[in-house]
Amino acid sequence: MKLKKGDLVKVIAGNSKGVQGKVLQINVDSGRAVVEGANIVKKHTKPSAASPNGGIIEKEAAINISNLTLIDPKTGEPTRVGRRVNEEGKIVRYAKKSGEEIK
């Protein structure tokens, strides 16, 4: 998996194209991620103890990972992600455009 929770990503396809946001949740099995401010859907809820009035709630829905690209921490532009071994012998992710290690 190239993306992780907390990464800053940009949506490159779909109705939310161009939106930047933080990854809130990743589902590895389905290959989808929930991105802050992207793919907003309206959910109709019945009154319950948690929401006494019910009504229509807007929330982020999952989006396919293939429609997301990581934002380079150095330049702020979209980039691909690579993996390499660092000096300590650990495998780390890095931005292919700038070579910057992704924390």
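## Before we start

This is a predicted model, so to speak a computed one: local features need pLDDT of at least 70, side-chain atom pairs count only at pLDDT 80 or more, and totals for chains, interfaces and linings use all residues. Residues are numbered from 1 along each chain as its sequence is written, and side-chain values use heavy atoms, with hydrogens and water left out.

## Salt bridges

How many salt bridges are there? The count comes to three, where a salt bridge is a side-chain nitrogen of Lys or Arg within 4 Å of a carboxyl oxygen of Asp or Glu. As background, side chains of opposite charge can pair when their charged atoms come close.

Let's take Asp7 and Arg93, whose closest N and O atoms are 2.8 Å apart. Asp7 sits in the segment before E1 and Arg93 in strand E10 (residues 91-95), so this pair ties together parts that are 86 residues apart in sequence. Strands (E, at least two residues) are DSSP runs, as are helices (H or I, at least four), and they are numbered from the N terminus. Are these two partners buried or exposed? Both Asp7 and Arg93 are buried; buried means under 20% relative accessible area, exposed means over 50%, and partly exposed is in between (1.4 Å probe, protein chains only). For Asp7 the relative accessible area is 7%. The two side chains are also joined by a polar contact of 2.8 Å, a polar contact being a pair of N or O atoms within 3.5 Å; within protein, one must be able to donate a hydrogen and the other to accept it, and residues adjacent in sequence count only if both atoms are side-chain atoms.

## Two more pairs

Another salt bridge joins Lys42 and Glu58, with 3.8 Å between the closest N and O atoms. Lys42 is in strand E4 (residues 40-45) and Glu58 in strand E5 (residues 55-60), so the pair connects parts that are 16 residues apart in sequence. Lys42 counts as exposed, at 59% relative accessibility, and Glu58 is exposed too, with 53% relative accessible area.

Then there's Lys97 with Glu77, where the closest N and O atoms are 3.6 Å apart. This pair links distant parts of the chain, 20 residues apart: Lys97 is in the loop between E10 and strand E11 (101-102), while Glu77 is in the loop between strand E7 (68-71) and strand E8 (78-79). Lys97 is exposed at 56% relative accessible area, and Glu77 is partly exposed at 41%.

Thr79 is in strand E8 and is buried, with a relative accessible area of 4%.

## Charged patches

Which residues make up the positive surface patch? Lys2, Lys4, Arg80, Arg83 and Lys96 do. Patches are made of residues with over 30% relative accessible area and no salt bridge, with like charges joined within 9 Å and nonpolar side chains (Val, Leu, Ile, Met, Phe, Trp, Tyr) within 5 Å. Lys and Arg count as positive and Asp and Glu as negative, while His and the chain ends are not counted. Lys2 lies in the segment before strand E1 (8-11) and is partly exposed, at 48% relative accessible area.

There's a negative patch as well, formed by Glu87, Glu88, Glu100 and Glu101. Glu87 is in the loop between strand E9 (81-85) and E10, and it is exposed at 76% relative accessible area.

## A few loop residues

Most residues other than glycine have a negative phi, and most peptide bonds are trans. Asn39 has a positive phi of about 55 degrees although it is not a glycine. You'll find Asn39 in the loop between strand E3 (32-35) and E4, partly exposed with a relative accessible area of 25%.

Ala38 is in the loop between E3 and E4, and at 1% relative accessibility Ala38 counts as buried. Ala50, in the loop between E4 and E5, counts as exposed at 76% relative accessibility. C-alpha to C-alpha, Ala50 and Gly31 are 30 Å apart in space and 19 residues apart in sequence.

Terms used
Areas by Shrake-Rupley, 256 points an atom, 1.4 Å probe, with all protein chains shown as cover. Charge placed at Lys NZ, Arg CZ, Asp CG, Glu CD.
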